[in-house]
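Please read it with the sequence and the coordinates at hand.

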Amino acid sequence: MNAENVRLGILVGGGPAPGINSAISACTQAALANGAEVFGIMDGFSHLMAGNTEQVKPLTAADVRFIHSEGGAILRTSRANPTRNPEHLKNCVDSLRRLGITRLASIGGEDTALSAAEVAKASGGAVRVAHIPKTIDNDLPLPGDIPTFGFETARHLGTELVQNLMRDSRTTNRWYVVIVMGRKAGHLALGIGSSAGTALSIIPEEFPDPVIKVDDVVKMTEGAMLKRKAVEGREDGIAVISEGVAERFDPEELAALAGIEVNRDPHGHIRLGELPLSAMLRRAIQQRFADAGKNLGMVDVTIGYELRCASPLSFDIDYTRSLGYGAARLLLSAPKDDRFANGGLIYLDGENLSMLTFDELRDPDTGRTRVRMVDTGSEHYKVAQQYMVRIQPEDLQDDELVSEMAAYGNRTPEDIRERFGDS
């Protein structure tokens, strides 16, 4: 790498994830060591797309040397999207040109990757971009199912929190509905539920229809509650539900249940964090039992924001150090071939750094970054299901089991078979 007279900018987009500061630190130190000037761009693309170049600051080795183990992001972050308005995209390119920044390291998920790629394209070769894949959702399509950074730390902390709730659930003899962050894919919810050993995990990938009915989620949880009581004699448990199911709820049904307007972020996604999803589902489940004259105490919890700025595990520190170095190397070296003239995405393939072009990340039909979903046909998912409490078709052939579930739910055996006959 030879970077004399090169100015490199670093920005963060999307939600926080453990390891961001480590990636910033590694990229900064590698670039400085090779003669580049490094600038931290505050708040993602938000100021650049407004034509504001004042929220940019030089980064020195002293600024970043000891931040690798800290959660959060010293550059802050935003979901500002420069691709929705041609003027905003032009402002980004012009702002970088005025700053003299010709290399840009972007840290973020699918939306930030798309924004960074469009900025590089719009610059006409004046700006090269290296994208560092970050998301606790683990939903970027990295080769070989390599996790995105932040996921392992989020899963670890989420598992600890859910295990605490499991102890409370047993102690107080009641069920918990736990919503886990994950806008589209269920990797985090499944990972936490499987690691903690919860009674049930529900993820959007297991529903074949494009629109998920709220009652489909309610029915799965209700079934787990009935079966656990009938088989184990227990009236406690944890149902971990990925918030991504709400992304596929009918917006009108969602708005009616929430009692509030459903808002969307600058990338067009429903602002799931603004919805009282856990309370909505908890009330809907309780209502099912109340309709049969049975009042159940339940607790709803949402886990997500407390995971995003956690101090990274050693795995994510080590991982992001490699990614940050790789971003600097991509930006400060000559392109390996014409496909990477505008840059690309850095990933760790085993113990070696590699790259993907931005086009390889995109869905050719939609033009958006592809999303990696949980493979429900995989052995990993099938094993996870084996340890869940779910009503199976053969359960409905067991007259004694059906009678016990019906008795607990104040229903008739016919009601149980009709309700869960398509499970």
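A salt bridge is taken here as a side-chain nitrogen of Lys or Arg within 4 Å of a carboxyl oxygen of Asp or Glu, and by this rule the count comes to 24 salt bridges. The model is predicted, so that local features need pLDDT of at least 70 and side-chain atom pairs count only at pLDDT 80 or more, while totals for chains, interfaces and linings use all residues. Residues are numbered from 1 along each chain as its sequence is written, and side-chain values use heavy atoms, with hydrogens and water left out.

**Salt bridges**

- Asp 300 and Arg 282 meet through their side chains in a salt bridge of 2.8 Å, N to O; the pair links distant parts of the chain, with Asp 300 in strand β9 (residues 298–303) and Arg 282 in helix α10 (residues 277–290), 18 residues apart. Helices (H or I, at least four residues) and strands (E, at least two) are DSSP runs, numbered from the N terminus.
- Arg 282 is buried at a relative accessible area of 19%, whereas Asp 300 is partly exposed at 24% (buried means under 20% relative accessible area, exposed over 50%, partly exposed in between, with a 1.4 Å probe and protein chains only).
- Arg 419 and Asp 215 also form a salt bridge (2.8 Å, N to O); because Arg 419 lies in helix α16 (residues 413–420) and Asp 215 in helix α7 (residues 214–232), the pair ties together parts that are 204 residues apart in sequence.

- Asp 139, in the loop between β5 (128–133) and α5 (151–172), is buried yet has no salt bridge, the nearest side chain of opposite charge being Arg 183 at 5.3 Å (Lys and Arg count as positive and Asp and Glu as negative; His and the chain ends are not counted).
- Leaving aside neighbours within four places in sequence, the contacts of Asp 139 (heavy atoms within 4.5 Å) include Glu 110, His 187 and Arg 370.

**The sheet**

- An open sheet of mixed pairing is formed by 7 strands in the order β3-β2-β1-β4-β5-β10-β11, two strands being paired if DSSP finds at least two bridges between them.
- Because β3 (56–58) and β11 (352–356) stand at the edges with a single partner strand each, one side of each is left without a neighbour in the sheet.
- Strand β2 (residues 37–41) runs antiparallel to β3 and is joined to β3 by 3 bridges; Gly 40 has Lys 57 in β3 as its bridge partner.
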